[in-house]
Amino acid sequence: MKLSFRPYTLQLKRPFGLAHGTRSTTAIVLTQLEHKGIFGFGEASLPPYHGETQESVMNFLSKLQLEKFENPQEVTAILKYVDATATGNNAAKASVDLALHDLVGKILNKPCSEYFGVKTNEKKYSSYTIAIDDLKNLPQKIKEAKDFKILKIKLGTHDDEKIVHIVKSETDKKLYADANQGWSDKSMALELLHMLKENSFEVVEQPMPVDCKEDDMLWLKEKSPLPLLADESVKRFSDLEKAKDLFHGINIKLMKSTGMAEAYKMILRARELNMKVMLGCMTETSCAVLAASHLSPLADYVDLDGPFLINNNPFKNPELIDGCILPSEKPGIGLEL
Ligand code: MG
């Protein structure tokens, strides 16, 4: 197998307003695995707060000697080798995992969903993220989400109640919230959770900072009127056991989990632990989002809006049918160039 890669920069349709500043681009690295003339595609998406850069990803990928694996179907052995090459580098590892699953799917002439044994008959609606912005821009953003049936509202600002008020006056869609670690005080967090419950929100992501006191999260989880999902607090499989006491569920993203194989394992384990599962994404192209869509029938909440938030997707946009991104029936990820 031969691995190749190149850096690429995604242009966001609208700059992201976040607690740590605004952002109008996201760096990614596109990967390609070739075996006997068949190509598998992957990507690493690199939001700055995760610490990976195009340089670190390309440095990691340059170290890999995938030529030594003659049979791409040795997926477990290959991914074990990739993971053992260095710690961290989760998105870089995901870019190999994705390309490998795409390649193997093509070799076996099976879509990735079938490879993982996922039944795709149930429709899962994806949410569309309404990022933090000037309050006056929110109505326009909500209009832009017209093709989606669910909105995920970013909170964690001083204006959370105002944001919710505007959202409720503009739409009667299903609503999720993401506080992005923005509520540092547990009593205030609980008040806001009740406010969201009264405004018919269904679920809340990462209410408090990753490094908050564990006792505070335990307290909040016990009293919360809404299910609380860990996003920043859970990256990989090994983070699950601790999260089960502090959260009702987890937001699994391929770029955190090192790809599809571990994301799949995390979903199964989360189910054993009676945890809810959201399948989310970073700012990504169709590649990673279509890959995730193959696992989406296993999730309670699907948040795969990445390619719809960018202007320069290098691949064909995923097909959005009635607010759902259906897993492709084509072999592999089903990416169209
Ligand atoms: Mg989040």
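**Figure 1. Lysine 141 and aspartate 133 in the predicted model.** Aspartate 133 has a relative accessibility of 24% and counts as partly exposed, because the buried class ends under 20% and the exposed class begins over 50%. Its side chain meets that of lysine 141 in a salt bridge, with 3.1 Å from N to O. Lysine 141 is buried, at a relative accessible area of 5%. The structure shown here, as in the other figures, is a predicted model.

**Figure 2. A salt bridge between lysine 136 and aspartate 134.** The two side chains meet at 3.5 Å, taken from N to O. Lysine 136 is exposed, with 65% relative accessibility. Aspartate 134 is partly exposed, with a value of 45%. Side chains of opposite charge can pair when their charged atoms come close.

Figure 3. Three residues supply the protein donors of the magnesium ion: Asp178 through OD, Glu205 through OE and Asp231 through OD. Along the chain, the donors follow the spacing D-x26-E-x25-D. Aspartate 178 belongs to strand S6 (residues 174-178) and glutamate 205 to strand S7 (residues 201-205), so this pair ties together parts that are 27 residues apart in sequence. Are these two residues buried or exposed? Aspartate 178 is buried, its relative accessible area being 0%. Glutamate 205 is also buried, with a value of 1%.

**Figure 4. Arginine 236 and its salt-bridge partners.** One partner of arginine 236 is glutamate 262, and the closest N and O atoms of this pair are 2.7 Å apart. The pair links distant parts of the chain, 26 residues apart. Arginine 236 sits in the loop between strand S8 (228-230) and helix H9 (240-246), while glutamate 262 sits in helix H11 (residues 260-272). Arginine 236 counts as buried at 16% relative accessibility, and glutamate 262 counts as buried at 12%. Arginine 236 also forms a salt bridge with aspartate 83, where the closest N and O atoms are 2.9 Å apart.

**Figure 5. Where domain 1 meets domain 2.** The protein is divided into domain 1 (2-109) and domain 2 (115-325). The C-alpha centres of the two domains lie 23 Å apart. How many residues of domain 1 are in contact with domain 2? On the side of domain 1 there are 32, and they touch 31 residues of domain 2. The size of an interface is often given as the accessible area lost when the parts come together. Between domain 1 and domain 2 the buried area is about 2,800 Å², and carbon and sulfur atoms give 61% of this area. Lys13, Arg14 and Asn90 supply 21% of the area that domain 1 buries against domain 2, more than any other three residues.

**Figure 6. Polar pairs between the domains.** Between domain 1 and domain 2 there are 15 residue pairs in polar contact, with both residues at pLDDT 80 or more. Several elements each supply at least two residues of the side of domain 1 that touches domain 2. These elements include strand S1 (2-18), strand S2 (21-35) and strand S3 (38-46). Helix H2 (75-85) and helix H3 (90-108) are also among them. The count of salt bridges between the two domains is 2. A search of the whole structure finds 27 salt bridges.

Conventions:
Residues are numbered from 1 along each chain as its sequence is written. This is a predicted model: local features need pLDDT of at least 70, side-chain atom pairs count only at pLDDT 80 or more; totals for chains, interfaces and linings use all residues. Side-chain values use heavy atoms; hydrogens and water are left out. Donors are N, O and S atoms within 2.8 Å of the metal (3.2 Å for Na, K and Ca); water is not among the atoms, so sites may look incomplete. Helices (H or I, at least four residues) and strands (E, at least two) are DSSP runs, numbered from the N terminus. Buried means under 20% relative accessible area, exposed over 50%, partly exposed in between (1.4 Å probe, protein chains only). Domain bounds come from an automatic or database domain assignment. Contact means heavy atoms within 4.5 Å. Buried area is the accessible area (1.4 Å probe) that two parts lose on being put together, summed over both. A salt bridge is a side-chain nitrogen of Lys or Arg within 4 Å of a carboxyl oxygen of Asp or Glu. A polar contact is a pair of N or O atoms within 3.5 Å; within protein, one must be able to donate a hydrogen and the other to accept it, and residues adjacent in sequence count only if both atoms are side-chain atoms.
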